[in-house]
Amino acid sequence: MSNLLTTLHKLALQLTITPEQIGIIANKFQQAMQNGLAGQPSSLKMLPSYLNKPSRKETGTFLALDFGGTNVRVLLTELLGEGQFTVHARAGKPLKNDIEHYNHISKQSTANHLFDFIAQQIATLIKPDRIYPLGHTFSFPIHQIGLNAGALIHWTKEIETTGVVGKDITALLKAALVKQGLEHVVPQAIINDTVGTLLTSAYGNPFTDIGSICGTGHNTAYLEPCAPWTKEPMIINIESGNFDQLPFTAYDTLLDKQSEKPGEQRLEKMVSGHYIGELVRIIACSLFEDGLLASSGPTREILKTPYLLHGAPISLLLEDDSEESNAIACFLNDNLGILNSTIEDRQALKNIATLVTTRSARLVAATYIGILHHIDPNLTQNHTIAIDGSLYEKTPGYADTIQMTLDEGLATTSEVTTTLTKDGSGIGAAIATAIAVL
Ligand code: GLC
């Protein structure tokens, strides 16, 4: 076997999550959920949402504000009942734009800059002569004390805007709305995007009791049958991206060390879109340094640039089934500075991308198994897991791998399925507002 093949074989052993490991991770996840709920030390925050599932009868027109860390979006949404809705108008902008010279998510930006910018986006969509109840999807860990109040615990997804941590997000939004003369926009609810995804799917499907995001970030919410705070059913935002009882490789450790917040969001750093490209780059770089990759053609130092593959279409590597792997050759040339790659280089890269994304899907599925065992120990019910995010929607084989891992790890005859719930964070905010005001 060539040195490259031997190394790829070793890599496969390190990155493959075996059925036995799935069981172990699921059990540890379930235990961490229980510890978090009981207020004992746990990597899982288990944050209350103060929401139950929708009745599916909610109707009315609401403003939905969606702040996830990349864009701010505003949707004027009409809920029609039983899973039906219409979006009447949309507005939105990225949170940073190099051409327009602004960046509201860097250390240099403040809470005032950020929330003034958000209020400006809302202003583009509304008329002066009516009241707009607003729901806010804020996709970060917040400590909620009610449906409409919550303080940011800390930023995730490498956001650094100052003056927001510890502050009540609804209060910051209200102050910015007043500054813009938008007192007729009335915030009524604040939710996590995972909660929004669960609400949106459950608005049409009574079996939905888990909502998850597999995109730039990763996190899951579920319907807790008996929440410790109220002893009633309540949707809980697990903040599962912070789970840390996992089989880390040296590549994961390196990525974590070089990240904004070492030690935090360890699951997210192994599975989510923000980090997967970086993992592929780190692994490719180590093969390159060992003279195993791109050894015959010219290369550029660019391969050593952190987050070089951020936002790059890793799925392109997985999609290319052509004999010469031409699309991968272009990818290597354009994104990694590997000119004149050989077929072996291209296949190696595809192999690495497949290993990393398959591991992501299997780890995510293991956490779903942990949640299912917690809410339905004998698995007597049907369950739908609502998922949004580009990784789940667009990565070839990702959704199938999650489903296969669930089927493999769950001994049940009841149906456990996953479903794509697009726009869950936007529509979910409207549903939460309806629940708040009706
Ligand atoms: C990060 C955030 C979490 C959010 C997820 C998906 O993990 O901490 O709140 O749900 O990204 O956007």
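A polar contact here means a pair of N or O atoms within 3.5 Å. Keep that cut-off in mind as you click through this predicted model.

Select the ligand and aspartate 193: an N or O atom of the Asp193 side chain sits 2.6 Å from a ligand oxygen. Alone, the ligand would expose 310 Å², and the protein buries 98% of that.

Next, show the whole shell: 15 residues, the closest being Thr156, Lys157, Asp193, Glu239 and Glu268. Colour them by class and you'll get three nonpolar, eight polar and four charged. Then colour by domain: domain 1 (3–38 + 213–420) and domain 2 (60–191) both supply shell residues, so the ligand lies between them.

**Stop two: the largest cavity.** The structure has two cavities of 30 Å³ or more, and the largest has a volume of about 90 Å³. To find it, select its lining, including Trp155, Thr156, Lys157, Glu260, Lys261 and Tyr275. Six lining residues are charged, three nonpolar and two polar. Domains 1 and 2 both contribute to this lining, so the cavity lies between them.

**Stop three: the second largest cavity.** Select Leu47, Pro48, Ser49, Ile142, Gln144, Ile191, Asn192, Val195 and Asn237. They line about 50 Å³ of space. Strands E1 (47–48) and E8 (142–146) are the elements giving two or more residues to this lining. Colour by class again: five nonpolar, four polar and no charged residues.

Notes:
Residues numbered from 1 in each chain as written. Predicted model: local features only at pLDDT ≥ 70, side-chain atom pairs only at ≥ 80, totals over all residues. Heavy atoms only, no water. Near = heavy atom within 4 Å. Polar contact = N/O pair within 3.5 Å; in protein donor to acceptor, adjacent residues only side chain to side chain. Areas by Shrake-Rupley, 256 points an atom, 1.4 Å probe, with all protein chains shown as cover. Nonpolar A, V, L, I, M, F, W, Y, C, P; charged D, E, K, R; others polar. Domains from an automatic or database assignment. 1 Å grid on protein atoms, 1.4 Å probe; cavity = no way out; pocket = protein on both sides within 12 Å on 5 of 7 lines; lining within 4 Å. Points joined across faces, edges and corners; volume = space filled by probe spheres on them. Helix = DSSP H or I, 4+ residues; strand = E, 2+ residues; numbered from the N terminus.
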